[in-house]
Amino acid sequence: MSTPNEANVSAFLAGRPGGRIFNFGPGPAMLPDAVMIRAQQEFLNYGGIGASILEISHRSKDFVAVLEEAIALFRELVSLPENYAVLFVHGGARMQFSAIPMNLIGLKPAHRAAYVETGVFSANAIKDAAPYGTIETVASGRSDKFVRIPNVDVSRIPGDTSYLHITTNNTAYGTRWNKFPETGDLPLVGDSTSEILSRVMDYSRFGVVYASLQKNLGPGGTAIVVIRKDLLGHALPFTPPLLNYATVEKGQSLVNTPSTFNIYFTREVLRWVKEQGGVAEVERRNNQKAQLLYDELDHSTYYKPLVDKAHRSIMNVTFDLPMPEALEAFLKQAGKEGLYSLKGYRDVGGVRASIYNGMPLEGVQALISFMKEFERSHG
Ligand SMILES: *Cc1c(COP(=O)(O)O)cnc(C)c1O
């Protein structure tokens with residue numbers, strides 16, 4: 001192995017298109033270079049129609065074709081069963097923290113829902129759901145400082161509960177569920193914002209899976225919602241039409257003007273995932289990237305990984321340095337080398353490297369070279 005040094009790090013960056021850095025930020029996050037370049041190429045004149053995709057009607061045949069292809073590609077890539085609908089909705093994932101209870105809590109007359117608290121976003125989901133019924137936190141990792149996923153005893157969840165909500169990957173802490181709870185007839189709802197399409201997932205285990213786009217799919221402001229069709233049509237009476245999944249499904253995600261650019265961009269990312277060989281191949285690469293980084297952490301006596309080995313995320317890798325001064329120097333120096341936005345979430349501290357689908361292997365290698373060099377000169 002060659003000795004890692006600063007020249008190596010700059011060499012990695014030298015090959016980057018358009019002077020692009022390696023962005024390790026949690027989101028909006030780095031998107032695949034190939035997709036960024038393609039979107040730029042066809043920005044002024046989409047498909048030879050003489051206008052941008054931004055400038056044509058959301059009901060035009062050209063845009064409807066984009067929307068339909070995005071949905072078909074998503075279905076194909078996750079092997080989605082026929083009895084699920086795929087929707088594009090406004091407002092990102094946070095809006096779904098309200099929309100989920102509005103749409104689902106009425107499934108049972110008790111208006112009761114169960115939540116597992118595993119980090120920042122699941123805590124917000126619990127808070128946002130509170131106005132719509134009885135929200136019970138059936139398990140929480142809070143007393144463990146969210147370094148692992150707590151056990152959930154599904155048999156103790158009351159029978160009149162409408163759904164169980166989990167966050168499949170915890171962006172701030174860097175943990176994920178490896179084994180989803182067996183919920184039987186109780187619909188399982190998953191916020192997969194920070195890992196959608198990063199690993200093979202059995203959607204038939206879920207009633208709903210939702211995600212904002214800006215980590216693995218595209219720009220912010222829009223979410224994708226995958227819902228089992230029998231769960232549609234139970235929304236609370238005051239649910240606004242744009243938050244009512246049955247209305248959105250009936251209107252084929254075109255009830256009003258959606259973010260046409262976001263949907264277009266998502267289609268390009270989905271095409272890219274397919275070109276890479278599909279979700280299984282993307283998962284293999286993600287495992288490889290994460291493994292390199294975790295191996296570095298496990299072999300170092302300087303860096304300290306922050307979460308339980310059994311629940312490590314392959315999307316958000318968190319670790320700390322021995323001293324706050326060293327951390328500050330690390331972040332500052334990394335930024336200068338084009339390794340951007342590595343600061344950990346404010347309640348967690350330390351370093352967080354978000355390595356979503358769009359982060360190339362070279363980015364992770366550059367980070368590891370930098371870490372070795374930093375440890376050598378500061379450790
Ligand atoms: C980023 C994130 C969100 C918030 O997404 P918004 O689009 O900002 O609403 C929600 N949940 C998880 C797990 C996330 O990572």
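1. Basis of the note. The model is predicted, so to speak of local features a pLDDT of at least 70 is needed, side-chain atom pairs count only at pLDDT 80 or more, and totals for chains, interfaces and linings use all residues. Residues are numbered from 1 along each chain as its sequence is written, and side-chain values use heavy atoms, with hydrogens and water left out.

2. Surroundings of the ligand. The ligand is surrounded by 14 residues, and the closest are Arg-94, Thr-171, Asp-191, Ser-212 and Lys-215; a residue counts as near when one of its heavy atoms lies within 4 Å of the molecule. This shell divides into three nonpolar, eight polar and three charged residues, where Ala, Val, Leu, Ile, Met, Phe, Trp, Tyr, Cys and Pro are taken as nonpolar, Asp, Glu, Lys and Arg as charged, and the others, Gly among them, as polar. Helix α4 (residues 92–104) gives the largest share of the shell, four residues; helices (H or I, at least four residues) and strands (E, at least two) are DSSP runs numbered from the N terminus.

3. Which backbone atoms lie 3.2 Å and 2.7 Å from oxygen atoms of the ligand? A polar backbone atom of Ala-93 is 3.2 Å from a ligand oxygen, and one of Arg-94 is 2.7 Å from a ligand oxygen, while the side chain of Gln-214 has an N or O atom 2.8 Å from an oxygen atom of the ligand. The protein covers 85% of the 380 Å² of accessible area that the ligand has on its own, by the Shrake-Rupley method with a 1.4 Å probe.

4. The seven-stranded sheet. Seven strands form an open sheet with mixed pairing, in the order β2-β10-β9-β8-β5-β3-β4, and two strands are said to pair if DSSP finds at least two bridges between them. The edge strands β2 (84–90) and β4 (134–140) each pair on one side only. Neighbouring strands of this sheet are turned by 20 degrees against each other on average, direction ignored. Within the sheet, β3 (residues 112–117) and β5 (residues 161–167) pair in the parallel sense over three bridges, with Arg-112 opposite Thr-161 in β5. Helix α3 (residues 61–77) packs on the sheet, touching β2 and β10 (222–228).

5. The three-stranded sheet. A further open sheet has three strands in the order β11-β12-β14, with antiparallel pairing. Its edges are β11 (304–305) and β14 (351–354), each with a single partner strand, so one side of each is left without a neighbour in the sheet. Strand β12 (residues 316–320) pairs with β14 in the antiparallel sense over four bridges, and Val-317 stands opposite Ala-353 in β14.

6. Backbone details. The peptide bond from Gly-27 to Pro-28 is cis, with omega near -5 degrees, and Pro-28 lies in the loop between β1 (22–23) and α2 (33–41). Ser-79, a residue other than glycine, has a positive phi near 50 degrees and is placed in the loop between α3 and β2.

Conventions. Polar contact = N/O pair within 3.5 Å; in protein donor to acceptor, adjacent residues only side chain to side chain. Axes fitted to C-alpha atoms, helices over the stretch in contact; angles between N-to-C directions. Contact = heavy atoms within 4.5 Å.
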